[in-house]
Amino acid sequence: MTEPADTFAFGAGADRDWRTAVSACLDQLEASGAAGCRLGFVYLTDHFSAHASDILTVLRGRTGIDDWVGTTGIGVVAGRRQLFDEPGVAAMAMAAPRAHYRLLRRAEDDIEGIEPWFGVLHADARAPDLPEGVAELAERLGGYWVGGIAASRAAWPMIARGLADTPLSGVALSADIGVRTALSQGCSPIGPPREINRAEKNVVVELDGQPAFEVFREEAGEVLARNLERVPGFIFAGLPVSGADSGDYLVRDITGLDPQHGLVAVAEEVEVGGRLMFCRRDGASAAEDMTRMLDKLERSLDGRRPRGGLYYSCLGRGPNMFDADRTELDMIAERFGDFPLTGFFCNGEISNARLYTYTGVLSLFM
């Protein structure tokens, strides 16, 4: 095996002036060893999205790193600090040999010279058929893909060496780059998976031989069933991932409840014979599952410490779900110590080439 990615450099900056924020980020990058790096990840809060091209030019000029990938979010991950809904930038660079990675500037790009083992994707939420596009890319190229969907109230830059005019871009890494990854759900099931006996598109008619709304009433409780306006943002539909042995499930909003006809509508087309369960979303359940995910990752490290990491979290998590005095980034640092960590708060998360919501996806480089 040739040289691994031993060096990881990190920097972050926050200021209303993008030049000041980027300068602070670069000072930290240079102090932590960016001069020996070849591949960089950069994430901007959407306050700076219109300046993405200028920021990229400055990053290249001072670091000498040509290969950058990244995008914009409502917030960015800056080590233990979350720059959420404030002007900021965070970047991590790694000394990966060019023989061990390939940039993906478009979903249709071919990757020659390496066999992808792990990849990072950034996606534009406005792209049509995005779930199918991510799945098709992973099937064509192989490998395990993680990442996030950009979130912005302004421009939606996709960075892959330069600005990429494409809904999907990122980087593929070979197996020479050691990485461990896991996903944390933002919800907890409140009942078992039920078989979908009758459904039409996204409307569930019958679960386990009962009207779908009656199953919802039984599991959510009479208080919620009588006050349906309280359901959004608290109770969700969970669709177990077929063939997954990890218990993963896709969380989707409940978009309608019809007590009179016994119907439940969800934000996803469902199939007869598939499964559905109802889930609760709150800070306690999110923290509990975050702990489970960190336990799983720690066991997989066999006592080693991560050299760097990427974290993609739903913008509905962050300060909307975790207390300010103990954020999800604090939980990561408590478990693994301070290490270079970046990422962003997404409009949807990617894990194993599937699109999730209300999740956190943590990948650690060894």
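The structure is a predicted model, in which local features need pLDDT of at least 70 and side-chain atom pairs count only at pLDDT 80 or more, whereas totals for chains, interfaces and linings use all residues. Residues are numbered from 1 along each chain as its sequence is written, and side-chain values use heavy atoms, with hydrogens and water left out.

The secondary structure of the chain comprises seven helices and 26 strands. Helices (H or I, at least four residues) and strands (E, at least two) are DSSP runs, numbered from the N terminus. The radius of gyration, taken over C-alpha atoms, is 21 Å. This value is close to the 21 Å that the globule rule gives for 366 residues, so the chain is as compact as a globular protein of that length; the rule is 2.2 Å times the number of residues to the power 0.38. Along its principal axes, the C-alpha trace spans about 65 × 40 × 40 Å. Of the 366 residues, 55% count as buried, where buried means under 20% relative accessible area, exposed over 50%, and partly exposed in between (1.4 Å probe, protein chains only). Among contacts with a separation of 6 or more, 81% are made by residues 24 or more positions apart, contact being defined as heavy atoms within 4.5 Å.

An open sheet of six strands has the order β5-β4-β23-β22-β26-β13, and its pairing is mixed. Two strands are taken to pair if DSSP finds at least two bridges between them. The edge strands are β5 and β13 (179-184), each of which pairs on one side only. Neighbouring strands of this sheet are turned by 15° against each other on average, direction ignored. Axes are lines fitted to C-alpha atoms, for helices over the stretch in contact, and angles run from 0 to 180 degrees between N-to-C directions.

Within this sheet, β4 is joined to β5 by four bridges, and the two strands run antiparallel. A78 has R81 as its bridge partner in β5. The hairpin of β4 and β5 has two residues between the strands, and G79 there takes a positive phi near 65°. Four bridges also join β4 to β23, again in antiparallel fashion, with F345 of β23 as the bridge partner of G75. Both faces of β4 are covered: G75 and V77 are buried on one side, and V76 and A78 on the other. By contrast, β22 and β23 run parallel and are joined by six bridges; Y312 has F344 as its bridge partner in β23.

Two helices lie against this sheet. Helix α6 lies across β13, β22 and β26, running at about 160° to β13. Helix α7 touches β4, β5, β22, β23 and β26, and its direction makes about 150° with that of β22. Eight of the nine residues of α7 are buried, and the elements that cover them include α6 (283-301) and β22 (308-314). At the N-terminal end, T327 caps α7, with a side-chain oxygen 3.2 Å from the backbone nitrogen of L329. The helix is followed by G337, whose phi is positive, near 80°.

D330 is located in α7 (residues 328-336) and, at 11% relative accessibility, counts as buried. The side chain of D330 makes a polar contact with the side chain of R80 (2.8 Å). Such a contact is a pair of N or O atoms within 3.5 Å; within protein, one must be able to donate a hydrogen and the other to accept it, and residues adjacent in sequence count only if both atoms are side-chain atoms. Leaving aside neighbours within four places in sequence, D330 is in contact with R80, A324 and D325.

A second open sheet also contains six strands, in the order β7-β12-β8-β9-β24-β25, with mixed pairing. Strands β7 (101-104) and β25 (354-356) stand at the edges with a single partner strand each, so one side of each is left without a neighbour in the sheet. The twist averages 15° from one strand to the next. Strands β8 (residues 118-123) and β9 (residues 144-149) run parallel and are joined by six bridges, with V120 opposite V146.

With a disulfide defined as a pair of cysteine sulfur atoms within 2.5 Å, the count comes to zero. The sulfur of C279 is 5.5 Å from the closest cysteine sulfur, in C187, which is too far for a bond. C279 is buried, at 0% relative accessibility. C314 is likewise in no disulfide, the nearest cysteine sulfur, that of C346, being 7.7 Å away; at 7% relative accessibility, C314 counts as buried.
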